[in-house]
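Here is a short report on a single protein chain. It moves from the overall fold to a few individual residues.

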Amino acid sequence: MVTFLRPEPSWAEWSEAEALYQFESNAPAEVRDTLGIECARLAGGVLLSMREDPARYWSKALGFGFTGPVTADLIGEVCDFYRARDDSSAVLQLAPSVLPPGWEKICADHGLYRGPSSVKLARDLSLSVPAASAGPPVERVDARSAEEWATMLMRGFDMAEKPLVAMTAAFAALPDVRAYVVRFGGEVVAAAGMYIGGETAQLLGAATLPLYRGRGAQSAMLRMRISDAIAAGCRVIFTETGAEAPGTHNSSLHNMKRAGFVPLYERVNWAVSTRSSIGR
């Protein structure tokens with residue numbers, strides 16, 4: 001019987017951090033200027049700032065706590081990075097295992113407050129690929145279709161502003177990125193992405209137009225990405241999605257579980273207040 005490889009939280013956090021760092025730092029220069037994108041590495045983690053983010057999604061600090069402890073001073077540096085850029089939508093994402101003693105006081109002192117949680121999941125790629133069902137065919141995207149893919153992906157997340165589409169299309173051109181679409185009647189109606197980072201793979205975004213949901217597009221693209229990650233020599237594939245609050249249903253979460261993904265932990269989004277910290 002094959003045992004599930006339960007990876008260390010560092011694998012899961014660094015996989016996502018590196019994928020997002022590549023996503024934003026490789027945006028075209030004019031897009032970086034328009035959106036106010038600045039990216040930096042600090043203490044084993046990454047700082048991603050998009051000051052003019054129309055979606056209030058892309059400013060994130062993550063990957064901390066594994067090359068050294070999370071301390072009040074480190075949190076101060078993170079908060080100062082965003083406040084110096086007047087970035088009002090930044091969030092700090094920390095695996096629960098790296099939260100230090102006195103975390104509540106650190107949050108109070110530095111103006112961090114609790115936001116929604118997400119679930120971090122992993123799939124051991126030594127396990128078999130899910131059996132194919134009668135789902136739609138999946139296409140791998142090349143440079144000619146990168147903008148079409150990016151437009152669909154951003155539309156699916158209500159982020160269809162032109163600079164965000166241009167950033168996403170540029171990401172598809174990177175050699176370690178895999179991009180996928182599903183078509184109905186020749187029209188792209190679903191899209192998904194993946195970043196290959198050595199022995200790990202990171203799922204990045206998946207969206208389907210409302211009219212075409214429930215037709216198997218997401219399950220088909222999950223199967224394709226799992227197969228491609230195995231072919232690339234990856235040992236494990238990571239993803240995350242919104243945690244289910246009581247009485248709610250997250251279809252993406254259940255699709256992932258059916259494809260063999262196992263929840264590792266829930267992670268809080270700690271919002272960075274633009275006010276100056278207390279007691280510093």
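Predicted model: local features only at pLDDT ≥ 70, side-chain atom pairs only at ≥ 80, totals over all residues.

Residues are numbered from 1 along each chain as its sequence is written, and side-chain values use heavy atoms, with hydrogens and water left out.

**Overall shape**

The protein has eight helices and 11 strands. These are DSSP runs numbered from the N terminus: helices are H or I with at least four residues, strands are E with at least two. The radius of gyration is 19 Å, close to the 19 Å from the globule rule for 280 residues, so the protein is as compact as a globular protein of that length. That radius is taken over C-alpha atoms, and the rule is 2.2 Å times the number of residues to the power 0.38. Along the principal axes, the C-alpha atoms fill a box of roughly 60 × 50 × 40 Å.

Contact means heavy atoms within 4.5 Å. Of the contacts with a separation of 6 or more, 72% join residues 24 or more positions apart.

Buried residues make up 51% of the 280 residues. Buried means under 20% relative accessible area, exposed over 50%, and partly exposed in between (1.4 Å probe, protein chains only). The protein exposes about 12600 Å², and carbon and sulfur atoms supply 52% of that area. Areas come from the Shrake-Rupley method with a 1.4 Å probe.

**Cysteines**

The whole structure holds zero disulfides. A disulfide is a pair of cysteine sulfur atoms within 2.5 Å. For Cys39, the nearest cysteine sulfur is that of Cys79, 18 Å away.

The table lists relative accessible areas for selected residues.

| Residue | Relative accessible area | Class |
|---|---|---|
| Cys39 | 24% | partly exposed |
| Cys234 | 7% | buried |
| Ser117 | 26% | partly exposed |
| Ser118 | 11% | buried |

Ser117 lies in strand 5, residues 112-124. Ser118 is also placed in strand 5. What does Ser117 contact, leaving aside its neighbours within four places in sequence? Its partners are Gly242, Ala243, Glu266, Arg267 and Val268. Gly242 is 125 residues from Ser117 along the chain, yet their C-alpha atoms are separated by 6.4 Å.

Ser118 touches Thr241, Gly242, Ala243, Tyr265, Glu266 and Arg267, not counting residues up to four places away in sequence.
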